[in-house]
Amino acid sequence: MGITVEGANKRFGDFQALKDVSISVPDGSLTALLGPSGSGKSTLLRAIAGLEDLDSGRVVINDEDATAKPPQRRGVGFVFQHYAAFKHMTVFENVGFGLKIRKWKKPEISDRVHELLRLVQLDGLAGRFPSQLSGGQRQRMALARALAVQPQVLLLDEPFGALDAKVRKDLRTWLRHLHEEMHVTTIFVTHDQEEAMDVAEQLVVMNNGQVEQSGTANELYEQPANEFVMSFVGEVNRLGDDFVRPHDMDVVLDPDEHTQEGLVQRIVALGFEIRVEFVLGDGTEVWAQLTRGELQRLELREGQIAYLRPSQAKSFNGPPPSDPQGASTPPGPDDGGDAEVSAAV
């Protein structure tokens, strides 16, 4: 069940949310819409679901023009960041709600709900109420509810945004396994680059209502199309016109014509890796990623002078350097999500 968006435009008053956006989502794939707040990714997702009408352009689902179809006829399951479960209903009743209003028979509803609860690892909790579940369990219940009506497409808007880091990491691993089992064409919105790179087979990077680049995580990391993509997919140091990834920043104790002097400001142990933060002579702050062995060999300490030599860099000014390696900065703030009920639409 592939999805194609062609020339999508959407304006809210004076704000242009989507500017001639075109994307292609292969059948059965798991695609992430990645970008900062206000980039248009949630608007695009809602347009695919039929929850926002486009000013121009079209949405094609399974080779059929769905632009004029209402949400309930698009075969789409939608899960919002704030799952807003029906508090007076049990887990079983929440998951089966969409089937009930579609007038499925009770034995069929029971079979389908119990099948899904096993799939999302909530079997045994069917009789509980949402208030008796953890945040991660409530989100899995919301996903089961969206999957209950057997949607052709699953759309997730910041599905793990309201959860803490550990639960987010566990759930994205679970989502990968779920997708491998279900093979439902899935698009999810996130501002979290690590989450997108960890989960998705295809990433679509958006900014200011436009698509900057789409491709695999490796393609965007190694061959960014422009400065924005480099500044959003992966970590980066910027040295003048050059972008250098922290793991490509060599630290040495003896200067030469290719090094810059830096003062060690801070050393942070991050498990096996070490983050060493420097300030250069012109006040630029950069950091290098080292192993514990490298730190021990260099015997670095805070307040010490060391020398930095980029081993690989990329610039978008003038002809590209011989090495294609790129670099980028952490993503911007959250989109904020939607405070709506998770449901199949």
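Student: Hi! Which residue stands opposite Val59 in E4?

Tutor: Hi! Val5 stands opposite Val59. Helices and strands here are DSSP runs, numbered from the N terminus, with at least four residues (H or I) for a helix and at least two (E) for a strand. This is a predicted model, so local features need pLDDT of at least 70, side-chain atom pairs count only at pLDDT 80 or more, and totals for chains, interfaces and linings use all residues. Residues are numbered from 1 along each chain as its sequence is written, and side-chain values use heavy atoms, with hydrogens and water left out.

Student: OK. How many bridges are there between E1 and E4?

Tutor: Strand E1 (residues 3-12) and strand E4 (residues 56-61) pair over 5 bridges, in the antiparallel sense. Two strands count as paired if DSSP finds at least two bridges between them. In general, strands of a sheet pair through backbone hydrogen bonds, either parallel or antiparallel.

Student: What order do the strands of that open sheet take?

Tutor: The order is E2-E1-E4-E5, an open sheet of 4 strands with antiparallel pairing. At the edges are strand E2 (15-25) and strand E5 (64-65), each pairing on one side only.

Student: Switching to helices: which residues of H2 are buried?

Tutor: Helix H2 covers residues 91-101, and its buried residues are Val91, Asn94, Val95, Gly96, Gly98 and Leu99. Buried means under 20% relative accessible area, exposed means over 50%, and partly exposed is in between (1.4 Å probe, protein chains only).

Student: And what covers them?

Tutor: The cover includes helix H3 (106-119) and helix H4 (135-148). Just after H2, Lys103 takes a positive phi of about 60°.

Student: Which residues touch the most other members of the largest nonpolar core?

Tutor: Val95 and Leu154 do, in a core of 46 residues. H4 gives the most to this core, with 7 residues. A nonpolar core is a set of buried Ala, Val, Leu, Ile, Met, Phe, Trp, Tyr and Cys residues joined through side-chain atoms within 4.5 Å. There is also a second, separate core of 26 residues, which includes Leu33, Leu45, Ala49 and Ala66.

Student: What does Leu154 touch?

Tutor: Not counting residues up to four places away in sequence, its contacts include Gly77, Val79, Leu143 and Ile187. Contact means heavy atoms within 4.5 Å.

Student: New topic! How many salt bridges does the count come to?

Tutor: The count comes to 12 salt bridges. The rule asks for a side-chain nitrogen of Lys or Arg within 4 Å of a carboxyl oxygen of Asp or Glu. One of them joins Arg46 and Glu52, with the closest N and O atoms 3.4 Å apart. Arg46 and Glu52 are both buried.

Student: What about Glu194, which residue does it bridge to?

Tutor: Glu194 bridges to Arg172, with the closest N and O atoms 2.8 Å apart. The pair links distant parts of the chain, as Glu194 is in helix H6 (residues 193-199) and Arg172 in helix H5 (residues 165-182), 22 residues apart. Arg172 is buried, with a relative accessible area of 5%.

Student: Last one: where is confidence lowest?

Tutor: Strand E19 (residues 343-344) is lowest, at a mean of 40, and E1 is highest, at 97. Those values are pLDDT, the predictor's confidence in each residue, from 0 to 100. The protein averages 86, and 90% of the residues score at least 70.
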